[in-house]
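This report describes the nonpolar core and selected helix packing in a predicted model. The sequence and structure are shown first.

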Amino acid sequence: MSIGKGVNSLEHNLKIAVDKFVQYRQQLYSEFPHTEIDAVELGKNIVDANVASAEQIWDVLWPKPLYANAKSDSADKKVDALRDSLQGAWKSMAIEGGPFEIDRPGRGFAKKSFDIIGPSAQQIVREFRIAPHRLCAISGAAKNLSTRAEKSDTPFADLISSDLPVLLPVLKENFGFGWGPATILHFLTDLGLACKPDRQLVRTIKALGIWEKTREQVNFREAIKVNQIVHVLAEEIYEEVTPEKFRVLDKNLMDISKYLFKPRFVPAVGCSPP
């Protein structure tokens, strides 16, 4: 995938940024050894869109709406609970009047905006307490996956040759309601084709001196620019930027903020850490 053009003012900061990143990464791996294992494992487990089947894509596609504006621990539990019920469900979700049918005749995210029609959809909302807007987003992605699978055994191979600034609005339209840029980028992260510009990653690139915005939550244009910046950084760190290496870098940038920038308890005189 091409990240696109538009980052030309970083050259004078890149060397400093790379040096800082290497120092942070060394500290991260030294103080929290599991982060290196986790990053390498994520890199090895990326889904190669160039050869991935519909089933392989589905496994990393359907969970993403569960993480939108949610705590990761809570989303993890919901993904684990739903895994058996949604394995291979993209085929059934694409059937009009099928067991997973859910419509959105209203507006917004409120439960009253949705008609939960199919028995499987009703069960998921009732028993697993999945918000209808999240199930609706999963259903929309399933329908697009089904359409793509009818045309190709590797339904998302076209992503490899797509420019990110062009691809994001296309996927947003294809997947439909509930798929904002952050959720789409979260999906592309598992393919090694993008980074998810969450608060932790943004904090890190700001600390590296290659991001100047004060807000940690980015909009659509900023999400693309963050990806462009991280890709430029990757080109300076690695001789060749592969999806596997890009995924490792994405994880490193998140973990640097998560583990090294978190507030640390400094006890007052006569006090002990909690």
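In this predicted model, the largest nonpolar core comprises 78 residues, and Trp58, Phe187, Leu188 and Leu191 have the most contacts inside it. Helix H12, spanning residues 243-260, gives the most to this core, with eight residues. In general terms, nonpolar side chains in soluble globular proteins tend to be buried together.

Helix H6 (residues 119-127) has a buried side that includes Ala121, Ile124 and Val125. These residues lie on the same side of H6 because they cover an arc of only 95 degrees around the axis. The face turned away from this buried side carries Pro119 and Arg126, which are exposed. Just after H6, Arg129 adopts a positive phi of about 55 degrees.

The elements against which the buried residues of H6 pack are listed below.

| Element | Residues |
|---|---|
| Helix H4 | 72-86 |
| Strand E2 | 115-116 |
| Helix H7 | 132-151 |

Helix H12 also takes part in a helix pair. Its axis and that of helix H2 (residues 34-44) come within 8 Å and cross at roughly 150 degrees. Because angles over 145 degrees count as roughly antiparallel, H2 is roughly antiparallel to H12. The contact involves His34, Thr35, Asp38, Ala39, Val40, Leu42, Gly43 and Lys44 on the H2 side. From H12, the contact is made by Glu244, Arg247, Val248, Lys251, Asn252, Asp255 and Tyr259. The crossing of H2 and H12 is right-handed.

Technical notes:
Residues are numbered from 1 along each chain as its sequence is written. This is a predicted model: local features need pLDDT of at least 70, side-chain atom pairs count only at pLDDT 80 or more; totals for chains, interfaces and linings use all residues. Side-chain values use heavy atoms; hydrogens and water are left out. A nonpolar core is a set of buried Ala, Val, Leu, Ile, Met, Phe, Trp, Tyr and Cys residues joined through side-chain atoms within 4.5 Å. Buried means under 20% relative accessible area, exposed over 50%, partly exposed in between (1.4 Å probe, protein chains only). Helices (H or I, at least four residues) and strands (E, at least two) are DSSP runs, numbered from the N terminus. The arc is that of the directions from the helix axis to the C-beta atoms. Contact means heavy atoms within 4.5 Å. Axes are lines fitted to C-alpha atoms, for helices over the stretch in contact, and angles run from 0 to 180 degrees between N-to-C directions. Angles under 35 degrees count as roughly parallel, over 145 as roughly antiparallel, 65 to 115 as roughly perpendicular and the rest as oblique. A crossing is left-handed if the near helix is turned anticlockwise from the far one by less than a right angle, and right-handed if clockwise.
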